[in-house]
Amino acid sequence: MTAPARTLRIAARPGPFVCRADEAALVLIDMQRDFIEPGGFGESLGNDVSLLAPAVPAAARLLRWARAQGLLVVHTRESHAPDLSDCPPAKRLRGAPRQRIGDAGPMGRILVRGEPGNAIVDALAPLAGEWQIDKPGKGAFHATALGERLAARGIRQLILGGVTTEVCVQTTMREANDRGYECLLVDEATASYFPDFKQATLSMLVAQGGIVGWVGGLEQVLAAGA
Ligand code: TIU
């Protein structure tokens, strides 16, 4: 006889998120130096990167919790091949950034795989066995093997954090929702260069009875399974 699935009941909006630990993964989106530290892609777009700093210790607490609960942990990086063959001109040429994707910056080439600035920040460094997904798009399912790998592992629920809330995190959560995953986004573990965009994103995800999924507070997540 197989043991019943271990469930963690997390108080959330629009209602409780009942996490089945064996079928759930923590997905931390793009917690990279390129977005969080000066000299990377985020700053090259004209953003104040200090607005993302509070999400780092919050994501670190969430990561410790997920590891303690035995959840699969997935880290993503927005990144491109050195020859930029996976970067459409429409992405590289968009806007008027100080430096474009592939240009040389103080932390290496902007948003290029393997460069120092493309690494995940030290406080959230992946452990051996945790998945690291390099993604050329905003969503983590686009042009990656993430969907196939999660399906092969029997994962049905995603607990999400990362940056930025309304860009890569929201895109990934919407992609996942359309693929049938139940998704919980953890408020303090996500951040935006535009705080009002973050708040609007959280509101729109849970509106209409959770049209895209759930949003929960960090303390409520940590209290589950404590
Ligand atoms: N610009 C911005 O807010 N975000 C991105 O370009 N990528 C991610 O969100 N990771």
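A polar side-chain atom of D30 lies 2.7 Å from a nitrogen atom of the ligand. The model is predicted: local features need pLDDT of at least 70, side-chain atom pairs count only at pLDDT 80 or more, and totals for chains, interfaces and linings use all residues. Residues are numbered from 1 along each chain as its sequence is written, and side-chain values use heavy atoms, with hydrogens and water left out.

**Ligand contacts**

The table lists polar contacts, meaning pairs of N or O atoms within 3.5 Å.

| Residue and atom | Ligand atom | Distance |
|---|---|---|
| D30, polar side-chain atom | nitrogen | 2.7 Å |
| E78, N or O atom in the side chain | nitrogen | 2.8 Å |
| C168, polar backbone atom | oxygen | 3.2 Å |

On its own, the ligand has 280 Å² of accessible area, and the protein covers 93% of that. Such areas come from the Shrake-Rupley method with a 1.4 Å probe.

The residues around the ligand are D30, F35, F41, L45, E78, K138, V163, T164, V167, C168 and Y193. Each has a heavy atom within 4 Å of the ligand. By class, this shell has seven nonpolar, one polar and three charged residues. Asp, Glu, Lys and Arg count as charged; Ala, Val, Leu, Ile, Met, Phe, Trp, Tyr, Cys and Pro count as nonpolar; the others, Gly among them, are polar.

**The pocket**

Where does the ligand sit? It sits in the largest pocket, with more than half of its atoms within 2 Å of the pocket's grid points. A pocket is an open set of points on a 1 Å grid over the protein atoms alone, where a 1.4 Å probe fits, with protein on both sides within 12 Å along at least five of seven lines. The largest pocket holds about 410 Å³ of space, a volume filled by probe spheres set on the points. Lining residues have an atom within 4 Å of a point. Helices α2 (41-44), α4 (89-92) and α6 (165-178) each give two or more residues to the lining. Helices are DSSP runs of H or I, at least four residues, and strands are runs of E, at least two. The lining has twelve nonpolar, three polar and eight charged residues.

**Backbone features**

V163 and T164 are joined by a cis peptide bond, with omega about -15°. T164 lies in the loop between β8 (157-163) and α6. The bond from R13 to P14 is also cis, with omega near 0°. P14 is in the loop between β1 (7-10) and β2 (17-20). A143 is not a glycine, yet has a positive phi of about 60°.

Note on methods
A polar contact is a pair of N or O atoms within 3.5 Å; within protein, one must be able to donate a hydrogen and the other to accept it, and residues adjacent in sequence count only if both atoms are side-chain atoms.
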